[in-house]
Amino acid sequence: MLSVGIDLVEIRRIEKSIRNPRFCSRVLGKTEYAQLEMRGFPVQSVAASFCAKEAFSKALGTGIRGFALTEVELLREENGRPRLHLTGNAAKLAAARGLAEFSVSVTHTKEYAAAVVVGEERD
């Protein structure tokens, strides 16, 4: 069985949010923060990370409750491929719902960022 979540956000909404220096540290996990910091926190990429967290919560079926946003990290492999890294309660909730693997796809334009997350149940 598959579980799907999708999210879309306006870039300017995130652009306003990252003016607050605490926003990124409250929303981004440590590795995710470091990856984006090395790139100068491009607003489209921060928005894509935010979308991935929202899409994950929808695939999980909980909305954003029971876990911290920092526990869901959108990381990029060396080749640029995105992947989700779960820790803490996010990982526990996923396991409790039988969702063992997640695929993520993100995209953005000048105005919008979007993410789709597919969770797969495994026996």
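Predicted model: local features only at pLDDT ≥ 70, side-chain atom pairs only at ≥ 80, totals over all residues.
I started by counting elements: the chain has five helices and five strands, where helices (H or I, at least four residues) and strands (E, at least two) are DSSP runs numbered from the N terminus. Following the sequence, I wrote down the pattern β-α-α-α-α-β-β-α-β-β.

Residues are numbered from 1 along each chain as its sequence is written, and side-chain values use heavy atoms, with hydrogens and water left out.

Next I looked up the annotation. UniProt, in an unreviewed entry, lists residues 3-116 as "domain: 4'-phosphopantetheinyl transferase"; such annotations may be inferred rather than shown by experiment. Over residues 3-116 I found 44% helix and 29% strand, with the end C-alpha atoms 11 Å apart.

Then I turned to overall shape. The C-alpha trace spans about 40 × 30 × 25 Å along its principal axes. The radius of gyration is 14 Å, which agrees with the value near 14 Å for a compact globule of 123 residues (taken over C-alpha atoms; the rule is 2.2 Å times the number of residues to the power 0.38).

I also checked packing. Buried residues (under 20% relative accessible area, 1.4 Å probe, protein chains only) make up 41% of the 123 residues. Of the contacts (heavy atoms within 4.5 Å) with a separation of 6 or more, 58% join residues 24 or more positions apart.

Methods: Buried < 20%, exposed > 50% of the residue type's maximum accessible area, 1.4 Å probe, protein only.
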